[in-house]
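This briefing looks at how the parts of a protein assembly touch one another, first inside one chain and then between chains. Please keep the structure in view while reading.

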Protein chains: 4
Amino acid sequence: MKAFASDNTSGVHPQILTALVHVNAGHAQSYGIDETTEDMNCLFKNTFSKTTEVFLVFNGTAANVLGLSATLRSHEGVICGDSSHLVLDECGAPEKWLGSKLFITPTHQGKLRVADIEKHLIRRGDQHYSQPRVVSITQPTELGTTYTPQEMKEISALCKKHGLYFHVDGARLANAAAFLNCELKEITCDVGVDVLSFGGTKNGLLNVEAVVFFNPDLATHFKFNRKQGMQLASKHRFLSAQFASYLQNKLWREIAMHTHGLAKILENELKNIPEVEIIAPVESNAVFAKVPKRLIHPLKKDFFFYVWDENTNTVRWMVTFDHTERDIQNFVAAIKKHLNS
Amino acid sequence: MKAFASDNTSGVHPQILTALVHVNAGHAQSYGIDETTEDMNCLFKNTFSKTTEVFLVFNGTAANVLGLSATLRSHEGVICGDSSHLVLDECGAPEKWLGSKLFITPTHQGKLRVADIEKHLIRRGDQHYSQPRVVSITQPTELGTTYTPQEMKEISALCKKHGLYFHVDGARLANAAAFLNCELKEITCDVGVDVLSFGGTKNGLLNVEAVVFFNPDLATHFKFNRKQGMQLASKHRFLSAQFASYLQNKLWREIAMHTHGLAKILENELKNIPEVEIIAPVESNAVFAKVPKRLIHPLKKDFFFYVWDENTNTVRWMVTFDHTERDIQNFVAAIKKHLNS
Amino acid sequence: MKAFASDNTSGVHPQILTALVHVNAGHAQSYGIDETTEDMNCLFKNTFSKTTEVFLVFNGTAANVLGLSATLRSHEGVICGDSSHLVLDECGAPEKWLGSKLFITPTHQGKLRVADIEKHLIRRGDQHYSQPRVVSITQPTELGTTYTPQEMKEISALCKKHGLYFHVDGARLANAAAFLNCELKEITCDVGVDVLSFGGTKNGLLNVEAVVFFNPDLATHFKFNRKQGMQLASKHRFLSAQFASYLQNKLWREIAMHTHGLAKILENELKNIPEVEIIAPVESNAVFAKVPKRLIHPLKKDFFFYVWDENTNTVRWMVTFDHTERDIQNFVAAIKKHLNS
Amino acid sequence: MKAFASDNTSGVHPQILTALVHVNAGHAQSYGIDETTEDMNCLFKNTFSKTTEVFLVFNGTAANVLGLSATLRSHEGVICGDSSHLVLDECGAPEKWLGSKLFITPTHQGKLRVADIEKHLIRRGDQHYSQPRVVSITQPTELGTTYTPQEMKEISALCKKHGLYFHVDGARLANAAAFLNCELKEITCDVGVDVLSFGGTKNGLLNVEAVVFFNPDLATHFKFNRKQGMQLASKHRFLSAQFASYLQNKLWREIAMHTHGLAKILENELKNIPEVEIIAPVESNAVFAKVPKRLIHPLKKDFFFYVWDENTNTVRWMVTFDHTERDIQNFVAAIKKHLNS
């Protein structure tokens, strides 16, 4: 049975696997000095902007932490949401690597609001106080909601006004662009983002993420940051080949449309079940719902998933690329069965 | 044309690729809570010892630095060779992550000697002086030479005597065991090693290395170290499947015997060329040679490789799993051609 | 005119200055290997407990950060109050030095409550989540309130139950003991504290604080922590002589009783001024009050002080050792004058 | 009996003590916002150059490490001598705080030579290799020798050529200027130094050193570095008053001339003792000598000092401000007595 736990319980998308097999022929220079990487760099420039610089790393924690390391000094800090991966799920990697303070900010349906960001902009220049230097948002959010380009522009304007950088944790960025029916650039470089963690793994790739700089000044030293950050791959072409395949023909959109479509089907089915309450708009490939406590244990035995909040019996159900409409129907049937038994 | 630059210019060994394709079926829990990882853990215990604990990471720098992090505090230091990867090729990752001092020690044909290690054991307990806490050797060395089990036992005895841990950078450990015609355990847990970086990538695997603890006390907190160290893979089964395949049926030995055999053929051919001087015993899959300066440039155009020491025109030629005897013969023919032209 | 800004706007207490002049005679070994330091160590053992270990450092930030460094690893974190010096006034020193997460906790009148601490004790053993390891409280609090010994025992019991260490930021500990009319040990080692930052500077000493371990296991490596933490004084006897003089004849209590007494006089006078609202019990040498905005600027010109919260016009008035009752009366007269003009 | 162990076994110079007593009157704002600090800043600008920026810290380790932190990123490193305090006597503080590699360089009579520095300037731009970014010398050296202004200019020229900063550990800088009979500026800003650790403690001050920037760009963020580095004094005026007194009327030179003069007397006396061999030119306040092993133990009982090298029975004898010519004569008499007994 397929899980609904996370988009990383599935494996590698068939097209990506084909790319991996294909790139395995012959020898190539290691550490990113190879043709596949060169081609991938071009695809990033075409997809985003001509000044885009991209560096591949192995996972999302590294993409976030190393990307942020290019934006601040240790006496400066990161304004980020209370539900962000940076705060909750990286085991203190930001503090250890950056030596910086995280300014934890309340979120509304997963999103940071300008007014809440502004509250941190105090004691500017006070030597006793860590100085906010970068705002980090997650797009789509950890709650599956999506910032509109307009909302991103407002945050970007605030950043420019106060001399802050703008970072996006885009572990599932493709899902946001698919939901918004826009290009990737329209929710990144076009709205003033400086650094992006562009996720691959959660949308069908194998242990690879991209740190993308739209502000090329920030990229100056990054090859050293990545190496010192223990994230330089020797057989780098196997990372590059995946992202090349992902951007080529917009495979990212194809996968994300598929998972969003199924998430909406799941949402619609759930709306008909009175005991299940969906708690956030379904704007990517996740459904968050409050359910009766008696449902959780038996359902989990068939379909593994995570309880998001034990106090409220809120669960997270993630759709992944290899789910089918039949998987959704089976899942809904199981929910109904367990609720009625 | 195949390169002789490094054992990571080749791709993934066919059996490993098969394992990757095979493990791609269906869903599995992420972050190492899966059956493939469980099986791999058993294989490590069978290969090394019952108390062995293993944690997979993405590359050798991470394996070294995080493995060492389990052995020392920031005011303690690492005794290591002047030619070690830790000192020369990790862009300061040890200093940044550990906050510790490296005690750089001269090597003889790549090897640390007991007498040189002992010279660092001064000022014990002096609060002004970083305290040596762990000895790190590379097996086989960066110069392609191999410590005998007896040599390792002597270092281990010194460590025990002075309360030091014993770490091995085994990025090419399989090559050492193949050369010594011994089991992996005979040059690790059986001779008193506490922590091992066990390399996969340089012997045919894809961006994966293992941190192996023979002293299980050192492993207590390591799952947190790995996560905070930004080295926890979400699609972890793809790492585990590789090492499982590698240990199963001793694929590691098959590959390492092949590359060592070819390196010896290369050595024998080179011995007949008076202008080429082999500078270190060929005890793994590398040949280090002093060559006429006029040879380097034209030969490199056909077969990429690295100059090891520009002052002495010393080059490093590495054999990798997909080289054939014909590749060696072609390479030797090219050397002869360029020397005679 | 004397300020009411902080207890560090005053200089050195006359008895401390005498001690400094006295210890200046002749030569003594540096770095704490001297008789004055030996005597001071004995005084600490007599004042607190026989197993007490003490290390002097230069300021409160160092005492807090280095003291905490003995209690946790970088993947572990500190539970501390939202108004704590650790969070607000150390410019990210805890994050930089410890590499650890601070778990920011709401406070009530400056105090942490057991129920709020408990909320952080989630995801124990989850490798993605920084693990709480130590609870840090400030005694007296940043708001001038004081934990009773019973309140401290409750926190200590919680710590023991969950395997947490108990740290006290006692930058003004003498003031708490004076208010509670108890011995220093009754609010430290006797109630289960493991590590204490024992302040000197804010009670009449010159740039010196003590890191005090009641759990001697935590002190094992601390001489190295202090040196690597850049806090080992070469002319150490000048630090030791101050604390020796401070503990001898309980100078600490004499000073703290004096400042508390004056703070109570100030409080009583202010109670008669309707426009001034005291917002927290006066339990040390500070008075926090909401005042009319029009008062702040003219009063500050005569007597420097800090606005605690600009939004509510809350001010902090600190009494220091060299204030006299006449100073208080002059200050109150000025308040009345400015309010009535 | 007075020691000859270090210039920090003596206490505080009488003029400095007077300054401390004098500055103790009344209240002043803390953390360096006071008139005494303002006056001291002016004295530094007058002594060195108009663009000089100065920040006081508590000890030499902090001055070195924090000063260097303004010059480099963690993937960059410091070229420094094998006998430097940074390498041997700071318990790994540079590695911990900077996260940077130290490039250890052989010295000749304590001095770095241009040719040896140049050997580290390899692999520029190679992402695997920590990049040298700053050269640090000690003036006078740990062996009591002194760089001429011309020697410093040569190092400075090398730095400029290769884009390196030039740092001086001047824990005893006054001694170098006294020996060279020059102004402080002639061996710092005038010869291209960027950052200076300017020592006070070893020349009669109390636990205070200055980080001096001649390149003001490097000072931009330093107030935050100092605070996060746990080196901001609250009662800062007591540090400033010392350096003000030290620069005023060139007290630094008076003291350094005195100690150098006595060191020369000691040297001249020792030259007459055949069994004592002076091993380095006496160019500051230190005498390094090889002595018969039988001398060390009995002499140490009367006059504490350090053995510099146990293998060669080399000792270090330091003269300090409160030594008199009679102290020297007594010491020489004791040496003769023990040698002849």
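Predicted model: local features only at pLDDT ≥ 70, side-chain atom pairs only at ≥ 80, totals over all residues.

**How the parts meet**

One salt bridge is counted between domain 1 of chain A and domain 2 of chain A.

**Inside chain A: two domains**

- Chain A is divided into domain 1, which covers 14-250, and domain 2, which covers 251-340, and the centres of these two domains, taken over C-alpha atoms, are separated by 28 Å.
- Where the two domains touch, 28 residues of domain 1 of chain A are in contact with 22 residues of domain 2 of chain A.
- The area that domain 1 of chain A and domain 2 of chain A bury between them is about 2,100 Å², and 58% of it lies on carbon and sulfur atoms.
- Of the area that domain 1 of chain A buries against domain 2 of chain A, 25% is supplied by A:Leu143, A:Phe179 and A:Lys250, which is more than any other three residues supply.
- Besides the salt bridge already described, the count between domain 1 of chain A and domain 2 of chain A is 14 residue pairs in polar contact.
- On the side of domain 1 of chain A that touches domain 2 of chain A, the elements that give two or more residues are helix H1 (14-23), helix H8 (173-180) and helix H10 (237-247) of chain A, and the largest share, five residues, comes from H8(A).
- Sorted by class, that side of domain 1 of chain A has twelve nonpolar, twelve polar and four charged residues.

**Between chain A and chain B**

- The interface of chain A and chain B brings 54 residues of chain A into contact with 54 residues of chain B.
- Chain A and chain B bury about 4,400 Å² between them, with 56% of that area on carbon and sulfur atoms.
- Within the area that chain A buries against chain B, A:His27, A:Met230 and A:Lys235 supply 20%, more than any other three residues.
- Across the interface of chain A and chain B there are zero salt bridges, whereas 38 residue pairs are found in polar contact.
- The side of chain A that touches chain B receives at least two residues from each of H1, helix H3 (60-69), helix H5 (93-98), helix H9 (222-228) and H10 of chain A, and the largest share, four residues, comes from H3(A).
- By class, the side of chain A that touches chain B is made up of 23 nonpolar, 22 polar and nine charged residues.

**Between chain D and chain B**

- The contact between these chains takes 20 residues from chain D and 20 residues from chain B.
- About 1,600 Å² is buried between chain D and chain B, and carbon and sulfur atoms give 49% of this area.
- In chain D, the residues that lose the most area to chain B are D:Cys91, D:Glu95 and D:Lys101, which together account for 34% of what that side buries.
- Four salt bridges are counted between chain D and chain B, and the side chains of D:Glu95 and B:Lys101 meet in a salt bridge at 2.8 Å, N to O.
- Across the interface of chain D and chain B, 14 residue pairs are in polar contact.
- Helix H4 (85-88) and helix H5 (93-98) of chain D each supply at least two residues of the side that touches chain B, and H4(D) gives the largest share, three residues.
- The residues on the side of chain D that touches chain B divide into six nonpolar, eight polar and six charged.
- Chain D is superposed on chain B by a rotation of 180° with 0.0 Å of shift along its axis, at an RMSD of 0.0 Å, and the two copies are therefore related as by a two-fold rotation axis.
- The same surface serves both of these copies, with 100% of the contact residues of chain D recurring in chain B.

Conventions. Residues numbered from 1 in each chain as written. Chains lettered and ligands numbered in written order. Heavy atoms only, no water. Domains from an automatic or database assignment. Contact = heavy atoms within 4.5 Å. Buried area = accessible area lost by both parts, 1.4 Å probe. Polar contact = N/O pair within 3.5 Å; in protein donor to acceptor, adjacent residues only side chain to side chain. Nonpolar A, V, L, I, M, F, W, Y, C, P; charged D, E, K, R; others polar. Least-squares fit on C-alpha atoms with pLDDT ≥ 70 in both.
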